[in-house]
Each structure stands twice: as C-alpha cells, then as structure tokens.
Amino acid sequence: MLTTIDTAYTDTRADDLAWALGRGPLPALAVLDLELSGAKLQLRLLGASHQVLLDQEHGACSETVACIPGSSTPLPLGVAKRLGDWEYEFAARVETLSGQSFAGRAQELLALVADHPHGLAGTFPGSPHAFTAMLAQPGEGQVRWRTWHAYPQEGRLVVTRTRVGALHHGQRAERRPERAAL
C-alpha cells in the first residue's frame with residue numbers, strides 16, 4: 001500500500017533516529033493491519049519513522065524507530081534479546097548514496113513495497129524520494145519485517161530488519177551482545 005503523507009518531515013536527519021522496545025502505540029499517519037504466521041501485526045508510519053506492534057500467543061512486542069524526545073538509545077547497529085518466550089533480533093545500517101543513485105534506489109524500494117500485500121509506504125510532499133517504507137514477511141514460527149527511512153536532503157537511507165520468533169522448547173537462550181554488526 002502506497003500513500004502520500006500529508007505532513008512535513010518531522011525527522012530531519014538520519015542521525016536523529018532512536019530505537020525503543022515496548023513503547024505504547026504512538027499517533028500514526030498510516031496503518032496496515034496484518035495476520036501473519038498466527039500473529040497480529042500492525043505496521044505504523046509515524047512521519048519519517050515507524051512503529052511495529054506484534055501480538056501473538058507468546059505475548060506482545062512493540063518496536064519503534066523514530067525521533068524520540070529524551071531517548072537515550074540511539075539507533076543501534078544490532079540487538080539480540082530474549083523477550084519471554086520470544087527471540088528478538090534487530091539490525092540497522094545507513095546507506096549514503098549520490099543523488100542519482102539515491103533516486104534510483106528510492107524508486108526501486110517504493111515499487112517493491114507499493115503493491116505488496118504486506119507492505120506499507122508513505123511519501124512526503126515536496127520530494128518524490130522522501131519516504132518511509134515497511135515490508136513484513138511470515139515465516140515458520142516467526143515474523144520478519146524490513147524498513148527504509150529516506151533522507152534525500154542528506155542522500156542517506158536508513159535500513160532496518162527485524163526478526164521475532166518463538167523459542168523452541170528446550171532451546172537455551174544464549175547471551176548475545178547488545179550491539180552486533182549487520
């Protein structure tokens with residue numbers, strides 16, 4: 001689903017993005033409700049930011065990547081956590097592209113997400129390459145999503161990917177570092 005977000009940018013730089021788990025629903029400019037792998041998933045566009053709300057038999061999870069006033073958690077390269085009976089993995093990277101490369105990448109990503117049944121993208125007035133896009137994928141016992149946050153004025157694209165899956169009985173949760181390479 002592709003929509004035009006009728007608001008100005010609220011996140012001005014890629015470096016302003018922060019990451020948070022467990023926040024309640026924030027005001028959204030566009031929402032897509034999905035059912036994947038027995039889980040209810042809500043993709044939420046928050047300006048040039050995103051929030052994903054996941055609810056399944058093992059519990060609920062909320063991921064937010066946004067400009068969060070007073071946040072002390074900048075966007076990490078990677079996170080791996082055990083959340084009750086779930087395993088949560090998050091990774092992020094920032095791509096810096098030239099003007100022509102940025103325009104091509106923006107068109108490619110919007111085409112990928114626009115007509116996908118599990119995709120949500122929002123473009124902003126004033127620049128055809130200013131957008132936030134999200135794409136969810138079901139998996140056996142897990143749900144994955146990817147996001148793209150475009151900052152054409154900087155030529156930067158923030159890319160995230162997340163996997164949330166149920167731990168299998170007898171599986172030990174190994175301790176992983178909070179920051180990991182993508």
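Analyst: Cys61 has a relative accessible area of 8% and is therefore buried, since the limit for that class is under 20%. Cys67, at 27%, is partly exposed. These values come from a predicted model, and the structure contains 0 disulfides.

Attention may now turn to strand β8 and its surroundings. Strand β8 covers residues 86–96, and one of its residues is Glu87. Glu87 forms a salt bridge with Arg163, and the closest N and O atoms of the pair are 2.7 Å apart. Because Arg163 belongs to strand β12 (residues 156–166), this bridge ties together parts that lie 76 residues apart in sequence. Both Glu87 and Arg163 are buried. In general terms, side chains of opposite charge can pair when their charged atoms come close. The structure holds 6 salt bridges.

A further salt bridge joins Glu95 to Arg93, again with 2.7 Å between the closest N and O atoms. Glu95 has a relative accessible area of 14% and is buried, whereas Arg93 is partly exposed at 31%. Arg105 and Glu108 also form a salt bridge, their closest N and O atoms being 2.9 Å apart. Both residues lie in helix α1 (residues 99–114); because they are 3 residues apart, about one helical turn separates them. Salt bridges link Arg93, Glu95, Arg105 and Glu108 into a network.

The aromatic side chains come next. The structure has 2 aromatic pairs. In one of them, Trp19 and Tyr88 form a tilted pair, with 6.3 Å from centre to centre and 40° between the planes. Trp19 lies in strand β2 (residues 18–21) and Tyr88 in strand β8, so the pair connects parts that are 69 residues apart in sequence. The rings of Trp19 and Phe90 have centres 5.9 Å apart and planes at 35°, and this pair is therefore tilted. Phe90 lies in strand β8 and Trp19 in strand β2, so this pair ties together parts 71 residues apart in sequence. What are the relative accessible areas of Tyr88 and Phe90? Tyr88 is buried at 0%, and Phe90 is buried at 3%. Trp19 also counts as buried, with a relative accessibility of 8%.

Strand β8 belongs to an open sheet of 7 strands with mixed pairing, in the order β1-β9-β10-β11-β12-β8-β7. At the edges stand β1 (2–4) and β7 (78–83); each has a single partner strand, so one side of each has no neighbour in the sheet. On average, and with direction ignored, neighbouring strands of this sheet are turned by 15° against each other. As a general point, strands of a sheet pair through backbone hydrogen bonds, either parallel or antiparallel. Strands β7 and β8 run antiparallel and are joined by 6 bridges. Among the residues involved is Ala80, whose bridge partner in β8 is Glu89. Helix α1 packs on the sheet, where it touches β1, β8, β9 (119–124), β10 (127–139), β11 (142–151) and β12. The direction of helix α1 makes about 45° with that of β10.

Methods. Residues numbered from 1 in each chain as written. Predicted model: local features only at pLDDT ≥ 70, side-chain atom pairs only at ≥ 80, totals over all residues. Heavy atoms only, no water. Salt bridge = Lys/Arg side-chain N within 4 Å of Asp/Glu carboxyl O. Helix = DSSP H or I, 4+ residues; strand = E, 2+ residues; numbered from the N terminus. Buried < 20%, exposed > 50% of the residue type's maximum accessible area, 1.4 Å probe, protein only. Disulfide = S-S within 2.5 Å. Phe/Tyr/Trp six-rings, centres within 6.5 Å; stacked < 30°, edge-to-face > 60°. Pairing = 2+ DSSP bridges. Axes fitted to C-alpha atoms, helices over the stretch in contact; angles between N-to-C directions. Contact = heavy atoms within 4.5 Å.
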